Amino acid sequence: MEALEMYTVDRTSDVYTEELRLNLGPQHPSTHGVLRVELQMDGEIITAARSDIGYLHRCAEKIGENVTYLQYTPYTDRMDYLASMNNNLAWSLTVEKLLDIEAPERSQWIRVLVVELNRIASHLIAFGTYGIDLGANTPFFYAFRERESIMALLEKISGARMLYNFIRPGGVANDIDDAWMDEVLAFCDDFDKRWDEYNRILTNNHIFIKRTANIGILTKEMALAYGCTGPVLRASGVKWDLRRDIPYLKPYDEIEFDVPVGMGTHGTLGDCWDRYWVRMREMRECTSIIRQAIAAIPDGVHMEKKMERMYKTPLTPEPGEAYMRCENPRGELAFYAVSEGGKSPIRCRARAPSFCNLSVLDKLLPGTMLADGVAVIGSLDIVLGEVDR
Amino acid sequence: METLIGVFEQQLGLEGVWALSAAYSVCIGSLLGFITVYAMFAIWMERKVAAHMQVRMGPMETGAWHGWAQSIADAVKLLFKEDIIPSQSNKVMFWIAPAVVFCGVFAGFIVIPFALGLQIADLNLGIFFLISIASIEVIGVIMAGWASNSKYSLFGAIREAAQVVSYEIPTATALLVPILVVGSFRLDDFNLWQEANGWLIFHSPWMMLAGLVFFISSLAGCKRAPFDLPEAESELVSGFHTEYSGMRFSFFFLEEYASMFVASAVMATLWFGGWTIPFVDMSTWTDPDSFGLSDVAVTSIGIVVLLAKTFFFIFVQMWLRWTLPRLRVDQVMTLGYKYLVPWGFVALVMTAIFKYYGWGWFPN
């Protein structure tokens, strides 16, 4: 409640309007889930904000301490449900580190492929819903058209459309074939054309730029201080991408790709437009990574043979602890697991990027207008399933 | 209207008051019927336009052919819905607000000339009447927002008040420009003038500017995107009609589409020739020498022509709605006061100069 005391209307002057306490959410069209934001409004201007989370808390971390290592993989799907592959990957890497094994070469390339596909799908949602937040409904449907193709592609190899449970400790669930990779390439070619379409309808729209440039400016210092990661951090001008800086999968070392950062093209560095534009450019990088990965993918096994045997009985890693972080579409997702030699970890913890990114909201909102507040929430691109876990 | 009274008095033998009330009933009944049918069609059209812009099909099942009966099904559903009035609301105001909103727009319809002589009230001050009667709607919206006792509704109502009142200035300024050239407030005079001289939009560049100013302001007046701030669904849930449901909600919906029609019809009448066809003198069609059409046939052609033009502008409004993001409150005000009002006045002054010196792209 401190935030509410910080910004108060000057009541010593003879003219002031009464402030209004507005409850934005938890059921609200543009809080992207069950986020509740308590706003203090002076007319249309937000004077103070306090976000209230916890409406989607499902004890995901505690569940991890009560199921086996493998059984927990599907639960990670349901944290950031728009980027399930990436969540699977982070958990699998953690368990692999705990077991002190490494996934086979081919599976690592398959992982890169599916993770980058899922990143495009996740950014497409961010793009589409951001349009809706600002009142442009049509881009949403365009984004969903392409996302549908990605879901169909991933369904072919994993059997599921959204919650894949595909990347597992020791490799991936199924192998991929050349026909599937050709389909992915065809999708990438198609997507690059669609991407130009998106820019024509939304990115370069004058009203859109007016609505997002210079709004919700997140400075570099603030982004670092609050532990923001992913596109939110990069939009503030910090060139930090785990894929590039701490490659957690071998292919990221070999693949050439650029890390887009915000440049303050239409306004100030770190405004809503920058955050949006970083995501858009990342999608193009993703298709480039996918093309390179398909060109370089080696033959081999998709799953460690030793692991397959171990799957028949629950995994029991040696006592120890492991912490692995991955570059998710929303930032760094990290899992921390402590083993005491049992079937399940005695401590399981997830560091969710949306949670840290959301923490700046209370500081970004005061001083903006109600409509800008919606634009700021949308530009942070949070998934409440991950915030509350 | 007068003709209708005459018909009732002479042919049916009704006396004074009775003929008058009979004529009123026929007019209001036919207008209500027209608005309902039109709104249903426009809602269906909106859904189709939106769907095809968004790579989908829209309603396809109801009524077998491209979901033509979807609006009827929706209307029936809304009629049978439970009538919910929030317990903490101001019930009387909550109850009459949709009626007030609808009345304002409904009254606007009575001066629109659908064809030669087909006009319920042939007022000398037709345009003046339109501007003033359209403002009543704001009162209804504010009543709805206030009576709902919801903060979101209140925000929507306040935005509506600020927006619509501001945009009445450019609307009225832009409307003055054709009035200046034609020299009349009577709507049918514009049709006759344009039948003789050509469409007013081609009168001068300033007339085009005035047409643009009017169209943008009318978007704001109809609360259509990108000016749909009063009901901005991503910010205010549903704005001033958040708490409304069932038939009361449908009145707000009806009002939106009806005001779109009025704005588009005024645009078509004042700038684009109304029910006239360019370079064609429709009054000669009744001559046995040319086509020998009956009066009814010529009137019907006039209606079709006006409706075609009107629906074109309605389509443009839908097109914009599904393309553009929404403006912010202060940007709406900036656009209104800093751009549209000066443009409107420039168009007015320049047209006055053109009129004085007899300039323009066709003689006047």
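A: In chain A, 3 strands form an open sheet in the order β6-β7-β8, with antiparallel pairing. Strands are DSSP runs of E of at least two residues and helices are runs of H or I of at least four residues, both numbered from the N terminus; two strands pair if DSSP finds at least two bridges between them. The edges are formed by β6 (320–328) and β8 (347–351) of chain A, each of which pairs on one side only. From one strand to the next, the twist averages 10°.

This is a predicted model, in which local features need pLDDT of at least 70 and side-chain atom pairs count only at pLDDT 80 or more, while totals for chains, interfaces and linings use all residues. Residues are numbered from 1 along each chain as its sequence is written, and chains are lettered from A and ligands numbered from 1 in the order in which they are written.

Strand β7 (residues 331–339) of chain A pairs with β8(A) in the antiparallel sense over 5 bridges. Phe335(A) stands opposite Ala350(A), a residue of β8(A). Helix α4 (residues 84–99) of chain A packs on the sheet and touches β6 and β7 of chain A, where contact requires C-beta atoms, placed from the backbone, to lie within 7 Å. The direction of α4(A) makes about 155° with that of β6(A); axes are lines fitted to C-alpha atoms, for helices over the stretch in contact, and angles run from 0 to 180 degrees between N-to-C directions.

How values were computed
Contact = placed C-beta atoms within 7 Å.
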